[in-house]
Amino acid sequence: MKNSNKISGLLLLIMVVACVKNTEFNQPKTACNSGLKANISFAELEGLLGEGAVQIQEDLVLEGYVISSDKSGNFFGVLHIQDAPVNPVHGLVIEMDFRESHLFFDVGSRVLVKLKGLYLGKSGETLKLGGTFTSFGNVSVGRLPGLKVMEHVFLSCDDLTEMQPTKIIIPEIENARVNTLVQLEEVEFLQEELGQTFALPEEETGHILKDCAENELTLLNSGYADFQAEILPEGNGSITGILVKDGKQLQLVIRDLEDIDFIQERCPEIITEFTSTQIFISELADPDNNAGARFVELYNSASEPLDLNLWTLRRYTNDNTEVSSTIDLSGLIIGAEGTLVISPNAAEFELVYGFVPDLGVSTNSPADSNGDDNLELVDPFGTVIDVFGVVGEDGSGTNHEFEDGRALRNPDILEGNPSYTFGEWTIFNDTGDSGTTDLPQNAPEDFTPGTRD
């Protein structure tokens, strides 16, 4: 009777164990292989590339280290490996139809890849191994069938290796190795993206990482990742991931949220909008012999350069009281005691004056006045810093007409003036009305773009 109870208890235990379906309870293990030896390097493998995908026919074995993981679902159907655990030079992707690969190939596993029978190809800068597929007669590297994976990818018998990401800053990201593990320091998500989730459901989603100097890089996330619905962290810190390249754009892909360590304070706000009364219009040109050589020159009398972010130059055509056209000066910096020349015809300007203007714009812009229009220089906060002419008054026959001539700011003027003052200017035209000089000007000899007279 006692033996019968023992047998019944044993059967019950077996039944309970058999019903456990949690993969964490008994993860599958892949037998290691101590007999395989690498006989080709990543660089030598790349040397085998041909036109399109090529099938490897030799008994070649490649050694690499696993850096990706599909555990959180941000990677799918790929295994990223690089050639060394520290300071890698090469990385590649193995395309495979093999789910839960992290249960077999942990991050840090040294693997040996039997290359014979695999297809080798390159997409942009990404070196790929896998099966093959044909589209419109073109053979490309595709996913290796799941049952074939274990025939080609083998674990070494080493313990897991600690993978040390290559530390890199965004301005030098182009120098980093694609498909290798990298780490960025002191980065954060854009302010306007905070509060969003890592990805839209079932959609690949990019979010912008930036450093404190406003350099940017895209973080790419899968809409099927376990952390898809998590909110982007608000802090600043380090992020580790695999550097990939889609066309010409470099992007970062993390394995899971443990790759993000944003516990520092965010970058201080960078103020790029400045005002100054020391920037003003210094020369306007409407050459009598060549309308294509028109230009506007601005001058900065300050002893330091100034960022023109959100500054604008407005034109009021003839007697209009509404703005006719505007030039956005954002992205330009005007040097200390330096000029900034704007041309509506950059090619003609270079041909006539012998150098490229600082900014080329379109015709009918504020830089393309025929001499009877009015201009305003406006700072980022909407304040008019300098003006030429009288808004609402056609310049013809007035003391602000420079038709077929030139309006030159007198050299003793060192600040802008929001009210037009004729005494600050020397004006040449083809009429000589209202105290102006009747002396048409010809390009290039009568003009000095880029030089404050």
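Modeller: Let us begin with burial: a residue counts as buried when its relative accessible area is under 20%. The model before us is a predicted one.

Colleague: How is a pair of aromatic rings described?

Modeller: A pair of aromatic rings is described by the distance of the centres and the angle of the planes.

Colleague: Is F98 buried or exposed?

Modeller: F98 counts as buried because its relative accessibility is 13%. F105, at 1%, counts as buried as well.

Colleague: Which kind of pair do F388 and W425 form?

Modeller: F388 and W425 form an edge-to-face pair, with 4.8 Å centre to centre and 75° between the planes. This pair links distant parts of the chain, 37 residues apart: F388 belongs to strand β26 (residues 384–388) and W425 to strand β28. F388 has 0% relative accessibility and therefore counts as buried; W425, at 5%, also counts as buried.

Colleague: Which residues do ring pairs link into a cluster?

Modeller: The cluster consists of F295, F349, Y353, F355 and F447.

Colleague: Where on the surface does negative charge gather in a patch?

Modeller: The patch of negative charge is formed by D288, D430, D433 and D438. Among them, D430 is found in the loop between β28 (425–429) and β29 (437–438). D430 counts as partly exposed because its relative accessibility is 31%.

Notes: Residues are numbered from 1 along each chain as its sequence is written. This is a predicted model: local features need pLDDT of at least 70, side-chain atom pairs count only at pLDDT 80 or more; totals for chains, interfaces and linings use all residues. Side-chain values use heavy atoms; hydrogens and water are left out. Patches are made of residues with over 30% relative accessible area and no salt bridge: like charges are joined within 9 Å, nonpolar side chains (Val, Leu, Ile, Met, Phe, Trp, Tyr) within 5 Å. Accessible areas come from the Shrake-Rupley method with a 1.4 Å probe; for residues, only the protein chains shown count as cover. A salt bridge is a side-chain nitrogen of Lys or Arg within 4 Å of a carboxyl oxygen of Asp or Glu. Lys and Arg count as positive and Asp and Glu as negative; His and the chain ends are not counted. The place of a charge is taken as NZ of Lys, CZ of Arg, CG of Asp or CD of Glu. Helices (H or I, at least four residues) and strands (E, at least two) are DSSP runs, numbered from the N terminus. Buried means under 20% relative accessible area, exposed over 50%, partly exposed in between (1.4 Å probe, protein chains only). Rings of Phe, Tyr and Trp (its six-membered ring) pair if their centres lie within 6.5 Å; planes under 30 degrees apart count as stacked, over 60 as edge-to-face and the rest as tilted.
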